[in-house]
Amino acid sequence: MLKTTCKRYWIVWIAVISLSCSRQFDDFEASREQAFIYPFTPIRLNIDTTLVYIDDYFPLIEVDSVRVPAPLGQLFQKENRELHLFGNLKEAIGVAEFFTEKGKFDIPIFRSDKVKLTYVLPPSIQFKRSIAIKGTFNSWNTLANPFELVDGNYQTTIVADPGKYEYVLVVDGREMIDPENPDTVSNGMGGFNSVLDIRSDLADSCSWVEAVGYNKGKITIRSLREGQKVIAFFNNQKIPEQFIKKYPEHVDIVFPLASVSFPRSWLRVYSFSEGCRNNEIWIPLAEGNPVSHYGQLTKNDWHASIWYFLMVDRFFNGNPSNDQKVEDPEVLPIANYMGGDLEGIRRKIADGYFDSLGVNAIWLSPITQNPAGAYGLWDKGGVKTKFSGYHGYWPVSNVRVDHRFGTAEELNALLNEGHKRGYRFVLDYVANHVHQEHPIYQQNPDWATSLYLPDGSLNTERWDDYRLTTWFDVFLPTLDQTRPEIVEPMTDSALVWVKDYGFDGFRHDATKHIDELYWRTLTKKIKTLERVKQQGDKIYQIGETYGSPELIASYISSGMLDAQFDFNLYDASIRYFATGQEADLQKLLTTLNTSLKTYGMHHLMGNITGNQDRPRFISLASGDVRFDEDTKLAGYTRIIGKPKEIAYKKLQLLMAFTMAMPGIPIIYYGDEIGMPGANDPDNRRMMKFDDWDSDEKNTFKTSQNLIALRKKLLPLIYGTTKVYTADDLLVIERNYLGKKISVYINNTSEEKIIQNGQILYSTSPYSDRLVPYSFVVVE
């Protein structure tokens, strides 16, 4: 131990001497509290008042006082651990200073750019019972913007950030486009939505900035516009202005010498003006120098994770003795158990399947005990079936492994096998609801929300207008997570999987249907775990929310979730890669830019190739499943067979796009070879490990190569991102400290000339052009 300590001391001392050769020692004092190394999420202001929960940032220490920039007003309630902010910032970014018993910490504040817009109902719209408007500005919630009669006109106030939003009117329960708005777009299901363009009076003075180099303890940033300001943070402390050197053509940021004593730390740089906030720059540091190669990254660097999502029952049957189908003739085979289990996953880890593919994290579908019988009913298009709980989303226990998947011992064996090989494990966890047989509901039926709404209608599948109370089905009671006496035992149950089994993170089901109290309570408890406080483990949490970027982002903070899945980007990308139409390309670019603005350029959002709730992309690209049909019914009524050759090429384009984007790439099991399928449950077939044909082998090889590049090239993990079109090519540029990686994607039926550069990987046989439906990665 003494030798290790001394060696470490000399390494740090040598690093300090090396850095100090180029400049004098500074007096910046960096906090060494482990809990405050990972960057805090910025405070995003609302248009009028903003509530900041102190526990989101400082759950274990006292905050004595807070200072915020003018013209913000504040009310700091120390006893309640709440900070109320009033008003808005004049400039795009400010800094809040928190004075604590452990020192001063600084958190960026982002100005609210929301605009209030009065929408007046067109006079031609006549209704008898009800009128509503829903769209991407209110997460398609018909109750969010009620109309009122003002001076003879029905109107409502819409509050949203500048941008373009899709919407429809709901007249007496019937959806329709706005008859007086000629601007419409396809809704992807055979119809159209109207488009509302909300604009701001603020001048658009944004620029795309990038760190172009590192030399002797400083990074160089270019492309700032004249008059723009710069703020830099080391971990969660603002770097003094004397560390920021401004020149006519660039800005240098000097690293604090204290950074050399941190195995991992972070440099964040924000630039802004009164009119705009530029893209941020994140640089991960290892002992005072920028991380320069993949080998320096650890399991806590979730930006570098590449996930594989599998459904336990549908992956591999490693122990036939635990097979147990639901013996009910009303359950079709496709909706019953098929035998996949934990031992099967362990065997595939041991056999090297995941090593071969190259992923470094495995997301397991829910493994808690589900009911023994059949529930639910599908009765459409002449097809009728009930369902088993093979998927795991109907818990009758939140802490016990389902016996059909294995035992606690087999789960431990699986996790131990994977952890030895360096894998992270993420557990799919259900907290929104329980099955009616769950003891917690049997003993406390009043813990559930009401199954009926005030008007007497069923409160089932009301995803948007009653999202916090709706039941998923009549046998799945939703728990009222606004009540602390319910939240406490439910969050304790979730902790079992991290404390007792060693899972590294959660995928949270139905996030937007659960009150924020649950998320804040769970995250605070996670931060108090010994493996987090003492070992510095980063327990990653990602949520599942369908809705507007604003709704999705509202659950992402230092006190709640690390990220969510970017379903809006996924929907736009699969539409474009399946169709190749110009309108779909423009929508993809718009959606992508909105995502980068909303979640940041170095977010941890999940970018999926598919999931258990969507038809397989390859079958959409092949035309075997249509966007405008009932994709679930398609899987019941016809065989979705081998895709066309072009569909494999398009799947590889989607895979390249996913691996090139910021965030966490997530492969849905079978997408690495191009397994076909319609929607649930046809998209949940048993995984195919044998007898791959040439198309499947080629797709697997392409997936391997793309994953290898992602792990080799730091610009694909931490680089700034620029996406644009050139001669109908989709171009993705990633830049990390001057090293640029470009991905050119040709999703057209014509050959395209490409720029010269060192080709790192290509699916085109030529060095100077891309054949139809091919891509190239260039350095």
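Predicted model: local features only at pLDDT ≥ 70, side-chain atom pairs only at ≥ 80, totals over all residues.

Student: Where does Asp151 sit in the chain?
Tutor: In the loop between strand E10 (148-150) and strand E11 (153-160).

Student: And what is phi there?
Tutor: Positive, about 50 degrees, although Asp151 is not a glycine. Glu461 also has a positive phi without being glycine, near 55 degrees. Glu461 lies in the loop between helix H5 (439-443) and helix H6 (484-499).

Student: What about Lys128, buried or exposed?
Tutor: Lys128 counts as exposed, at 77% relative accessibility. You'll find Lys128 in the loop between strand E8 (115-120) and strand E9 (131-135).

Student: How far is Lys128 from Val171?
Tutor: 43 residues in sequence, but 8.4 Å in space, C-alpha to C-alpha.

Student: Switching to peptide geometry. Which bonds are cis?
Tutor: Two to look at. Ala70 and Pro71 are joined by a cis peptide bond, with omega about 5 degrees. Asp680 and Pro681 are joined by a cis bond too, again with omega about 5 degrees.

Student: Where are Pro71 and Pro681?
Tutor: Both are in loops. Pro71 is between strand E3 (63-67) and strand E4 (73-77). Pro681 is between strand E34 (664-668) and helix H15.

Student: Let's stay with H15. Where does Glu696 lie, and is it buried or exposed?
Tutor: Glu696 lies in H15, which covers residues 694-712. Glu696 is buried, since its relative accessible area is 6% and buried means under 20%.

Student: What does the Glu696 side chain pair with?
Tutor: The side chain of Lys688, through a polar contact of 3.1 Å.

Student: What else does Glu696 touch?
Tutor: Leaving out residues up to four places away in sequence, Glu696 touches Tyr648, Glu672, Ile673, Lys688 and Asp691.

Student: Another helix, then. Which residues of H2 are buried?
Tutor: H2 runs over residues 342-351, and the buried ones are Leu342, Glu343, Gly344, Ile345, Lys348 and Ile349.

Student: Why would helix positions three or four apart point the same way?
Tutor: An α-helix has 3.6 residues a turn, so such positions line up on one side.

Student: What covers the buried part of H2?
Tutor: The cover includes strand E25 (307-310), helix H3 (353-357), strand E26 (361-364), helix H4 (408-420) and strand E29 (424-429).

Student: What follows H2?
Tutor: Gly352, with a positive phi near 90 degrees.

Student: Zoom out. How many helices and strands are there?
Tutor: 16 helices and 41 strands in the protein chain. The chain is as compact as a globular protein of its length, because its radius of gyration is 26 Å, close to the 28 Å that the globule rule gives for 779 residues.

Student: What are the spans along the principal axes?
Tutor: The C-alpha trace spans about 80 × 75 × 65 Å.

Student: What share of the residues is buried?
Tutor: 58% of the 779.

Student: Last one, surface and charge?
Tutor: The accessible surface is about 31,800 Å², with 50% belonging to carbon and sulfur atoms. There are 85 positive and 99 negative charges, and their mean positions are 5 Å apart.

Technical notes:
Residues numbered from 1 in each chain as written. Heavy atoms only, no water. Buried < 20%, exposed > 50% of the residue type's maximum accessible area, 1.4 Å probe, protein only. Helix = DSSP H or I, 4+ residues; strand = E, 2+ residues; numbered from the N terminus. Contact = heavy atoms within 4.5 Å. Rg over C-alpha atoms; globule rule 2.2 N^0.38 Å. Areas by Shrake-Rupley, 256 points an atom, 1.4 Å probe, with all protein chains shown as cover. Lys, Arg positive; Asp, Glu negative; His and termini not counted. Charge placed at Lys NZ, Arg CZ, Asp CG, Glu CD. Polar contact = N/O pair within 3.5 Å; in protein donor to acceptor, adjacent residues only side chain to side chain.
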